[in-house]
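Me: I am new to this structure. Please pick one part and look at it closely. Then set it in its surroundings.

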Amino acid sequence: MENRMKKVGKVSSFLTKYIGIIIICFSIIAFFWRDGFAWTTSYTSVFLGVAMFGMGLTIKMDDFKRVFSRPKEILIGFIAQYTIMPVIAWILCQLTTDLALGVILVGCCPGGTASNVITYIAGGDVALSVGMTITSTLAAPIVTPLLVYVLAGAWVEVSFWAMVLSVVKVILVPVLLGILLRTLAGDHVDK
């Protein structure tokens with residue numbers, strides 16, 4: 001059993017150390033061999049949930065307590081999310097109008113699971129990143145259509161409850177399960 005744990009530890013260390021390169025390699029392969037990866041689109045929510053569970057395994061309850069004791073940082077991230085990105089998208093659209101609505105829509109969307117993964121890879125504050133993702137996503141059904149209307153002159157319908165349910169299923173529940181598992185079996189998780 002101990003031998004297996006050492007092998008799992010080695011594989012885990014390798015994946016953690018080279019995750020950026022692995023992601024780039026798989027992205028290139030998927031770009032050229034689309035049919036081989038087409039099946040994955042049906043399981044996007046599952047993959048994101050697994051990634052968020054992994055993020056939860058890296059977070060301790062004290063991390064979230066620390067994050068929520070400093071709401072100013074979440075507020076700064078929230079404001080930056082809904083000002084800097086939309087304005088940059090709007091500026092880019094002044095250069096070309098062919099894809100303007102799509103670019104502005106993407107610029108007005110909240111942060112997602114990928115930002116949490118990149119924060120983890122970069123050694124950043126994962127708890128803060130997850131807190132900002134949850135906050136900006138919960139506000140998205142109101143803020144995103146409003147910003148798109150102001151910047152692009154088009155109204156976009158977003159279902160508030162569908163968005164909330166998505167955040168709960170894909171982000172909140174997996175992260176909380178990861179934190180719970182870490183709390184109950186922290187020594188095993190660290191190994």
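Reply: Start with Asp 125 and Arg 70, whose side chains meet in a salt bridge at 3.5 Å, N to O. Asp 125 sits in the loop between helix 9 (113-121) and helix 10 (126-152). Arg 70 sits in the loop between helix 5 (61-68) and helix 6 (71-81), so the pair ties together parts 55 residues apart in sequence. A salt bridge here is a side-chain nitrogen of Lys or Arg within 4 Å of a carboxyl oxygen of Asp or Glu. Helices (H or I, at least four residues) and strands (E, at least two) are DSSP runs, numbered from the N terminus.

A word on the source. This is a predicted model, where local features need pLDDT of at least 70 and side-chain atom pairs pLDDT 80 or more, while totals for chains, interfaces and linings use all residues. Residues are numbered from 1 along each chain as its sequence is written, and side-chain values use heavy atoms, leaving out hydrogens and water.

Back to Arg 70. Its side chain also meets that of Glu 73 in a salt bridge, at 2.6 Å, N to O. A search of the whole structure finds two salt bridges.

How exposed are these residues? Arg 70 has a relative accessible area of 27% and is partly exposed. Glu 73 is partly exposed too, at 31%. Asp 125, at 25%, is also partly exposed. The scale runs like this: buried is under 20% relative accessible area, exposed is over 50%, and partly exposed lies in between (1.4 Å probe, protein chains only).

Now the surroundings. The protein chain has 12 helices and zero strands. Its C-alpha atoms fill a box of roughly 60 × 45 × 25 Å along the principal axes. Of its 191 residues, 27% are buried.

Next, the largest pocket. It holds about 1,500 Å³ of space. A pocket is found on a 1 Å grid over the protein atoms alone: it is an open set of points where a 1.4 Å probe fits, with protein on both sides within 12 Å along at least five of seven lines. Its lining residues have an atom within 4 Å of a point. Grid points are joined across faces, edges and corners, and the volume is the space filled by probe spheres set on them.

The largest pocket is lined by 36 residues. Nearest its centre lie Ile 19, Ile 23, Val 50, Ala 51 and Val 117. Helix 4 gives the largest share of the lining, eight residues. By class, the lining has 22 nonpolar, 12 polar and two charged residues. Nonpolar means Ala, Val, Leu, Ile, Met, Phe, Trp, Tyr, Cys and Pro; charged means Asp, Glu, Lys and Arg; the others, Gly among them, are polar.

Last, two separations. Phe 53 is in helix 4. Phe 53 and Trp 39 are 14 residues apart in sequence, yet 22 Å apart in space, C-alpha to C-alpha. Ala 152 lies in helix 10. Ala 152 and Met 5 are 147 residues apart along the chain, and their C-alpha atoms are separated by 54 Å.
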